[in-house]
Amino acid sequence: MRVKLIISFFLLVAFTLIVRVYYLSVESNTYYEKLSENNAIKTELIAPIRGEILDEQQKPIAINKLGFKIQLKPHMRNKKNIELFHQELDKLIALFPELSKEKMIKKYKKKDSYYNNTYIDIVDFIPYKEMLPKYSLLLLDENIHILPAPKRYYPFNSIASHVIGYVSKANAKDIQKDKLLEIIGYTGKNGIEKYYNKYLEGEAGKKVIQVNAHNQIIKEISYTPPIENRNLTLNINMELQQYIAELFKGKAGAVIVMKTDGSILSAGSFPEYDLNTFVSGISFQEWQRLTTSLDKPFTNKLINGLYPPGSTVKPGLGLIYTTTKLNPTWTVNCTARMPLGRRVFRCWKHGGHGETGIVKAIRESCDDYFYKGSLQVGIKLMSDGLKRMGLGKKTGVDLPNEFIGTVPSREWKMRKYAQPWYMGETVNTSIGQGYMLVTPIQIATFTALMATGKLPVPHFAKLIGDKPYNPKPKDVLTQKEKWRLPLIRKAMMQVCNHPKGTATHYVHSKIKIAGKTGTAQVIGIKQDIKKRKLEHELSYYSRSHAWFTTYGPYYNPQYIVTVLVEHGGHGGAAAGGIVSDIYDWLLDHKYIKR
């Protein structure tokens, strides 16, 4: 019996060993084959080339300069390779003296780790012409890799900088949102470059390769090319953009030239800045200059500049007044002073305007008409109407981070300040002062609404690839407002053409235009001051902002030209010449047909 048990035990052990040997030699073979295959096959993503940005005449606005980046083999800082590491860096400096050894070491240290087995970027860009005579020499060095690396370049430097935007190195937050940036390295940071970033950057390609134990390529298994060169054509005309930059030299503010359908032919925020300084990294001194200047060159004033609109809102308010509580024939006797409680609200004209109706009130910008009208109409109708006309909300322009501005109301003030609304605040709102704030792009679309009866969606893109981009204008006016609109247009025409119009003496354009001037106060005027100083008597940064927003030709509106001159004083005087020169340019270059 004992012998049988011993034999059975040995047979069981033998059987177990045979099963285990079978598993190790046969069953697990498939598993280890797959594991081996995974070790031997690598997938490499191929960075796409960023699409170019062109103006409406197909002039390049943002292009890619051809060049190369330099990579160094990983794990070269250990004791065994440290001497070779420094030799390789010294070799590169001998070939390209402008390189910094300290910067290359810093970049290498940042990426070098025990777990990283891929070559490390140490030089982001060497121009094609510089690399070409040294390319073959570096190609023989197995520690160095040379790869194609385009670099963004802006041929017009600072022109239209706030519209175009720029690309810069992607940070960790950018990469977290978009994994493609790990291989591209750069992303749109502002303007059109940021708004259309996903389209412009394209999609990565893929290369599947087989490598040996030394990480040497044995063969290429498959290749999928990247989807790239997605070009973007804008409505912008760079020749006009340069012309306007000359007109605005030495001034701060904003200009918008827009077709009545919303297509933007030119737009500038001034002062501008050189886009190319941001591609490789801006110096601390330059960054300080841009961010601390009182003229705010780094702020895109087109969509992020918030200003009191002043009298530019009077055409819209006139439309609201005459279609709600007031008859179009309603008049006031302007004596230049309107007492209300403990305050006196003054008209800009010292002697007053006398008997004034809606046309005269807009033509001569009579404050008293709008003061007294606001007390009849009330803040709710005024606020609701102006919001419907596009103020206090985003216009939908294709630029990132557009501000909404403020059209105040009782509810708005209670939410923001937990305070009640006062009649004096209604009066202030009636002349575009007080809490009201707008952006230049809002005033441009608001003016287009007065010109055509439709509220356009302003847009810079003309063609996204080969697909036209042309959002439809919105129908926001009531039927009654549409009936009254010719009266408002007549008043705006007289602003620029009637002997007493606020812009007439400053407009010299070859075509008949209509518009509205505006003066947006920067500082308040104390009640005890009987006669305020003239704008030119004030210190520069205490002067009012000057607005002049227009459309033309009057009988066949085709273009909107809106100009804001910061601290310019009176709208007509500061901006009338600029507006006139722009219309003449449009006429001379056949953009406007008589």
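1. Crossing of α15 and α18. In this predicted model, helices α15 and α18 cross with right-handed geometry. The contact draws on L317, I320 and Y321 from α15. From α18 it takes L381, M382, G385 and L386. Sorted by class, the contact of α15 with α18 holds six nonpolar residues, one polar residue and no charged ones.

2. Angle and distance. Two packed helices are described by the angle between their axes and the distance between the axes. Here helix α15 covers residues 314-321 and helix α18 covers residues 379-388. Their axes come within 10 Å and cross at roughly 120°. Angles of 65 to 115 degrees count as roughly perpendicular and those over 145 as roughly antiparallel. The pair α15 and α18 is therefore oblique.

3. Helix α17. This helix spans residues 367-377 and includes S374. How many of the eleven residues of α17 are buried? Eight are, so the helix is mostly covered. The buried set is D367, D368, Y369, F370, Y371, G373, S374 and V377. G378 follows α17 and has a positive phi, near 90°.

4. S374 in detail. Is S374 buried or exposed? It counts as buried because its relative accessibility is 1%, and the cut-off for buried is under 20%. Leaving out residues up to four places away in sequence, S374 touches Y321, M382, T426, V427 and S430.

5. The five-stranded sheet. Five strands make an open sheet, ordered β14-β13-β23-β22-β21, with antiparallel pairing. Which strands stand at the edges? They are β14 (264-270) and β21. Each has a single partner strand, so one side of each is left without a neighbour in the sheet. On average, neighbouring strands of this sheet are turned by 5° against each other, direction ignored.

6. Strand β21 runs over residues 514-520. It is mostly covered, with six of its seven residues buried. Its link to strand β22 (residues 545-552) consists of seven bridges, and the two run antiparallel. Two bridge partners can be checked directly. A514 has Y551 as its partner in β22. G518 has W547 as its partner in β22.

7. Helix α11 (residues 238-247) lies across β13 (253-259) and β14. It runs at about 35° to β14. Helix α21 (residues 440-452) lies across β13, β14, β22 and β23 (559-565). Relative to β23, α21 runs at about 145°.

8. The six-stranded sheet. A further open sheet has six strands in the order β7-β3-β2-β12-β19-β20, and its pairing is mixed. Strands of a sheet pair through backbone hydrogen bonds, either parallel or antiparallel. The edges are β7 (151-153) and β20 (467-468). Each has a single partner strand, so one side of each is left without a neighbour in the sheet.

9. Strand β3 (residues 60-65) joins β7 through three bridges, and the two run antiparallel. What is the bridge partner of I63 in β7? That partner is Y153.

Notes
Residues numbered from 1 in each chain as written. Predicted model: local features only at pLDDT ≥ 70, side-chain atom pairs only at ≥ 80, totals over all residues. Heavy atoms only, no water. Buried < 20%, exposed > 50% of the residue type's maximum accessible area, 1.4 Å probe, protein only. Helix = DSSP H or I, 4+ residues; strand = E, 2+ residues; numbered from the N terminus. Pairing = 2+ DSSP bridges. Contact = heavy atoms within 4.5 Å. Axes fitted to C-alpha atoms, helices over the stretch in contact; angles between N-to-C directions. Parallel < 35°, antiparallel > 145°, perpendicular 65-115°, else oblique. Left-handed = near helix turned anticlockwise from the far one by under 90°. Nonpolar A, V, L, I, M, F, W, Y, C, P; charged D, E, K, R; others polar.
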